[in-house]
Each structure stands twice: as structure tokens, then as C-alpha cells.
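Here is a colleague's note for someone opening this entry for the first time. Please keep the sequence and the 3D view at hand while going through the numbered points.

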Amino acid sequence: MRNGVNKPIIDFEIERKKLNAELKKRNKEGVIKVGVKAPNFTLKDIENNDFTLHSAKYEYMILDFWGSWCLPCIKEFPKMKEYYKKYGTRLEFIGIACKDREDRWKQSVKKHDVNWTQLFNNPKDKNSDISFLYPITMYPTKIIINKEKKIVGVFEGESEAFYKKLDDLMKN
């Protein structure tokens, strides 16, 4: 059975379990938490240009880990658009498509008219897969980063606390 017709499925499940165990371990180590400097990365944007996190010059950046396959992620776009319009001069949303196919990601960005920076995390390129750098275990996950590149908030799932935090940050 191990080498039969089901071999690709079994291999996939073994790899998925290993990845999930590694992500949980990195989460427990506190790789991504408030007060820590956000790990730098470079990914391709929708125009195939390089985007490097630490070279960005925004007062605040929101890393939005999402996927075209994730219904709660898509459901949040209208409220995110509202906040992007409200605070767009002081912050930048940076969408990072994870566990996705490039064609589906591009279609979803176009279909939902998300105008902020969109990056593609290529799951086939293990050297640049930020799933290891940012051990995200729930989608959507939003991470707020200040201009010093320090994490000021981490929000998993659909979260009103995320929008409250943005309002509080923008008051200052």
C-alpha cells in the first residue's frame, strides 16, 4: 500500500504532518510575538517585482496571511477595504497568499479588487516559503508591524480586536 496507488496521498500527508509539527514548535518558541522584530523577507508582488519587508517605509504595515481558498479571508476584504481607505496614508496592507496556486491568487485579487500590495508565497520554493519564517497556523492571520519593524499585534481568524487595535494606533 505504501508504494501503491495511494503513495502520493500518503507522502503528502506525511509532509503535512511534519510541517504542522514544525510550525507548532516555532509558535511555542515565540518567533512571532508582540515586541519582537519582524523577520525580513523578500517575495514577488502581483507584477512580479521584489518586495522586501525591511525596505518598506510605512508608519505601520499589516501582514495579511490569506488564501483564495479561505472563505473567512475573502469575507474580510470589504472591512479591510474600509480601513485601507480610512487610514491608507499612514499604513499599508500587505496581502500574502499562502498555500495557494499563483493563477487562483491572481484571479482572486482581481475579482475582489484588493488594491493594496499583494505578495505570493510560493509553496514550491522551500528557500523562500515564509510559512517557516512566520509560523502561521490559522487563516486569516494579521500581524501589525511599526516603522521600526517591531510587531505590535498578532490576530488570528476573523477579529474585531484587529480593527480596534488599528483605530487605537491611528489615534496617536
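1. In this predicted model, Lys-79, Met-80, Tyr-83, Lys-86 and Tyr-87 of helix α3 are in contact with Glu-160, Tyr-163, Leu-166, Asp-167 and Met-170 of helix α6. Sorted by kind, the residues of this contact comprise six nonpolar and four charged ones, with no polar residue in the set.

2. How are the two helices set against each other? The axes of α3, which spans residues 77-87, and of α6, which spans residues 160-171, come within 12 Å and cross at roughly 5°. An angle under 35 degrees counts as roughly parallel, and α3 and α6 are therefore described as roughly parallel to each other.

3. The aromatic residues can be taken next, and the count of aromatic pairs in the model comes to 13. Phe-65 and Tyr-134 make up a tilted pair, with 5.6 Å from centre to centre and 40° between the planes. This pair links distant parts of the chain, since Phe-65 belongs to strand β3 and Tyr-134 to the loop between α5 (130-133) and β6 (141-146), 69 residues apart. Both Phe-65 and Tyr-134 are buried.

4. Trp-66 and Phe-77 form an aromatic pair of the edge-to-face kind, with centres 5.2 Å apart and planes at 75°. Trp-66 lies in strand β3 and Phe-77 in helix α3, so this pair ties together parts that are eleven residues apart in sequence. Trp-66 and Phe-77 are both buried, and together with Tyr-84, Phe-93 and Trp-116 they form one aromatic cluster.

5. Lys-57 is placed in the loop between β2 (50-52) and β3 (60-66). With a relative accessible area of 73%, Lys-57 is exposed. From C-alpha to C-alpha, Lys-57 and Glu-92 are 9.4 Å apart in space, although 35 residues separate them in sequence.

6. The peptide bond from Tyr-139 to Pro-140 is cis, with omega near -5°, and Pro-140 is located in the loop between α5 and β6. Asn-48, in the loop between β1 (42-45) and β2, has a positive phi near 70°, and Asn-48 is exposed, at 51% relative accessible area. Lys-99 likewise has a positive phi, near 55°; Lys-99 is found in the loop between β4 (91-97) and α4 (102-111) and is partly exposed, with a relative accessible area of 44%.

How values were computed
Residues numbered from 1 in each chain as written. Predicted model: local features only at pLDDT ≥ 70, side-chain atom pairs only at ≥ 80, totals over all residues. Heavy atoms only, no water. Axes fitted to C-alpha atoms, helices over the stretch in contact; angles between N-to-C directions. Helix = DSSP H or I, 4+ residues; strand = E, 2+ residues; numbered from the N terminus. Parallel < 35°, antiparallel > 145°, perpendicular 65-115°, else oblique. Contact = heavy atoms within 4.5 Å. Nonpolar A, V, L, I, M, F, W, Y, C, P; charged D, E, K, R; others polar. Buried < 20%, exposed > 50% of the residue type's maximum accessible area, 1.4 Å probe, protein only. Phe/Tyr/Trp six-rings, centres within 6.5 Å; stacked < 30°, edge-to-face > 60°.
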